[in-house]
Structure formats: C-alpha cells, structure tokens
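Dear colleague,

I am passing the structure on to you with this message, and below it you will find my notes on what came out of the analysis. Please read them with the model open beside you.

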Amino acid sequence: MRWAPDDGGTETVRDAEGDAVVAAALAGDESAFAALVERHRRELHVHCYRMLGSFEEAEDLVQETFLRAWRRRDGFHGGPLFRAWLYKIATNACIDHSRHRVRSITSFADIPWLQPYPDRLLDQIASDGDEPEATIVTRETIELAFLAVIQLLPPKQRAVLILRDVLEWSAADTAEALELTVASANSALQRARATVKQNRPVRPVAEPSETERVLLRRLIDAHERADAESAIAMMREDIRITMPPLPMLYQGVAMVAPLLQEGLAGPGHWRLLPTRANRMPAAASYLRPHGETEFRAFKIDVLRVEDGLVAEITTFDHTLFPRFGLPPVYPEA
C-alpha cells in the first residue's frame, strides 16, 4: 500500500471534523484512510525533516508513518486526537531510523545528510499564523543551525525537545508518546536544552529582515561581477562555510577568501536568483563555463546573517533545484 503526495498545497483540517471519514478509515476503507492521512502529509514531513535533518529521508519516513498507521488503525479509537496519534507514530519511526545511522557526529561537518527545506513548501503549512500547525515552521525552529545542533542529540532527546519546545506538547503527552516516565522525559529535555544552548549560534530574529534582503542583493551583485573583495567585506571575520554532503569546513575570512576568489573568477561566469530556505535568505547559482553559452544550475547557498553580515553559508548542489521550483537553466530575459 502506498500513497502518493498531492501536487498542490496541503489543506490541514481540524481532527474533530470529518467523523464519517475517520470512521470509514478505521473500519478498513483504504481510500478513506489515504484521504485522512494525506491531510497531514506536509506537516508530518516537516516534523520528520526536523527529526532527521534530511528532506529525502523525511519523505521516506512519512510514507513509513502512513503504513504503520494503517497496520495499527485498530489501536486508534476515534475522537479529536488523530493528528497527535500520527505524530506519535512518525516520531517513533524517526527514532528507529536514527538508530541505524552508524556515523558518529562530533561537529556540523559530520552531518552529510543535512538538506535545506524550501520556504515555498513551508508556506503550505504556515498560511495562517493563528493555526496550531503554523508553530512548527517558525524560523527559530527550522533554521539550518538549529537542525544541525539537534542532530548532535541522541534520538530520544531530540524527540523530547521537538515535542515539548516546538510542538508544545505537555510532559505527560510526550512521555506517553515515547514510552518514558514523566521524570525521564523532563530529564531528557533539560539535557537537550543544555546541548542546544551550548552549541547553537545567536538565535535568529523571528522574521526575515530588510537588512537580510539588501545584503542578499548586494552579495548576488558581487558574485555576478566576480568581485571577491566586495563579497568578503559582507562577511564576519569568523565566517564558516560547509558543503553537505562533503565533509568540508572552512572557518574564518583568512581561509574563505582564497576559496571565494578562485570560485568567482576561475570556472566561468555566474548568474544568481534569490530564493529562501528554512526561513533564511538563499541564492541559487547558475554557472556558464568558459566557452559555453548556457548558465546551468550549479549550487544553492543558504545564508545565516548576524549583525548585518554573513555569519555562515551552507552550500548544496544543483540536484535540489527542482525542489525549489527553479529551472535547470538560468531564465535569460
């Protein structure tokens, strides 16, 4: 049994509605069950993404959640808690998946599976800030720095932190979902918060700022002119660049400057389009190699801005362009 994602925006409906659909689904009507769970696909995908840090793995885990829910439908007895029941299944599926990862994590450069989440897809959930679903895509809980930090946590600690601090579940509900005592859940939360506080950069502002938008435009202009000096002037002295899935870490202007100078002038000419990922400014870069005529998709840079300067750049390859709705070739005017 497999359910395909819908092509348009995901409409989230309150769990108390559609009692007839719920009854039919729990009675074994496969099409009714598929329609019921499909309403929650996007928000569950964001939840699994936050648990795992990978857009692609989150897609697989949402599908696994739906399959587990179908097999366990006799364990749900109706009422307004269907959404919470799906979250419980999804959370435990992600914990099981995380246990299979053999790579140890000692720094952000050890997270090759980290991927960005396009804002255009997050907007499918956050269309109304008054809805409870909108809380799961606020900037401070979806930015890449937060995603990277919580990957340092053991799976159950990560789950407790997300359920308590992101979804705002009670201690009792969190403990029940993860088969813990309330005391154990509270202890795990305290340890998780301490790890995040110790490793996370300055917390971001709640909304994208005009400063960020202006800085992105200036950076794009410098990039297209191959003006490395101007680009470097927009960066903090402690700028860091990572390139998942490559285990590379460039820290500080002294290390980044030669890399930038070679990258802007060496391979050819550049064109960039502004975009957004994880509620952060981003730029999609197109490269026209020397001697060629087309600007082709090359990379996506996601920026973290601090005090009006670029503090961090996370670079991803061109395979992610379709996810962002970006064309493979630069759209010349």
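Setting aside residues up to four places away in sequence, T65 touches L86, I89, A90 and A93. Please keep in mind, here and in everything that follows, that this is a predicted model. T65 itself belongs to helix α4, which covers residues 55–71, and its relative accessible area is 0%, so it counts as buried.

When its neighbours within four places in sequence are left aside, S98 is in contact with L52, P155 and R158.

**How α5 meets α9**

Helix α5 (residues 82–98) also packs with helix α9 (residues 171–178), at an angle of about 55° and with the two axes 9 Å apart. That angle is why α5 is described as oblique to α9, and the crossing of the two helices is right-handed. On the side of α5 the contact is made by K88, T91, N92 and I95, and on the side of α9 by E176, A177 and L178. Sorted by class, the residues in this contact of α5 with α9 are three nonpolar, two polar and two charged.

**The sheet and the helices on it**

Which order do the strands take in the sheet? Six strands form an open sheet, arranged as β2-β1-β6-β5-β4-β3, and the pairing within it is mixed. Strands β2 (246–251) and β3 (268–277) stand at the edges with a single partner strand each, so that one side of each is left without a neighbour in the sheet. From one strand to the next, the twist averages 20°.

Two helices pack on this sheet, and they touch the following strands. Helix α11 (residues 210–224) touches β3, β4, β5 and β6, and its direction makes about 165° with that of β3. Helix α13 (residues 253–265) touches β1, β2 and β3, and its direction makes about 65° with that of β1.

**Strand β6 and its surroundings**

Is strand β6 mostly covered or mostly open? Seven of the nine residues of β6 (residues 309–317) are buried, so to describe the strand as mostly covered is in keeping with the cut-off of under 20% relative accessible area. On one side, β6 pairs in the parallel sense with β1 (residues 235–243) over four bridges, and in this pairing I241 stands opposite I313 of β6. Strand β5 (residues 296–306), by contrast, pairs with β6 in the antiparallel sense over eight bridges, and here I300 stands opposite F316 of β6. The hairpin of β5 and β6 has two residues between the strands, and in it D307 takes a positive phi near 55°.

Strand β5 is also paired with β4 (residues 280–289), again in the antiparallel sense, over six bridges. In β5, A297 is the residue that Y286 stands opposite.

With kind regards

How values were computed: Residues numbered from 1 in each chain as written. Predicted model: local features only at pLDDT ≥ 70, side-chain atom pairs only at ≥ 80, totals over all residues. Heavy atoms only, no water. Buried < 20%, exposed > 50% of the residue type's maximum accessible area, 1.4 Å probe, protein only. Pairing = 2+ DSSP bridges. Axes fitted to C-alpha atoms, helices over the stretch in contact; angles between N-to-C directions. Contact = heavy atoms within 4.5 Å. Parallel < 35°, antiparallel > 145°, perpendicular 65-115°, else oblique. Left-handed = near helix turned anticlockwise from the far one by under 90°. Nonpolar A, V, L, I, M, F, W, Y, C, P; charged D, E, K, R; others polar.
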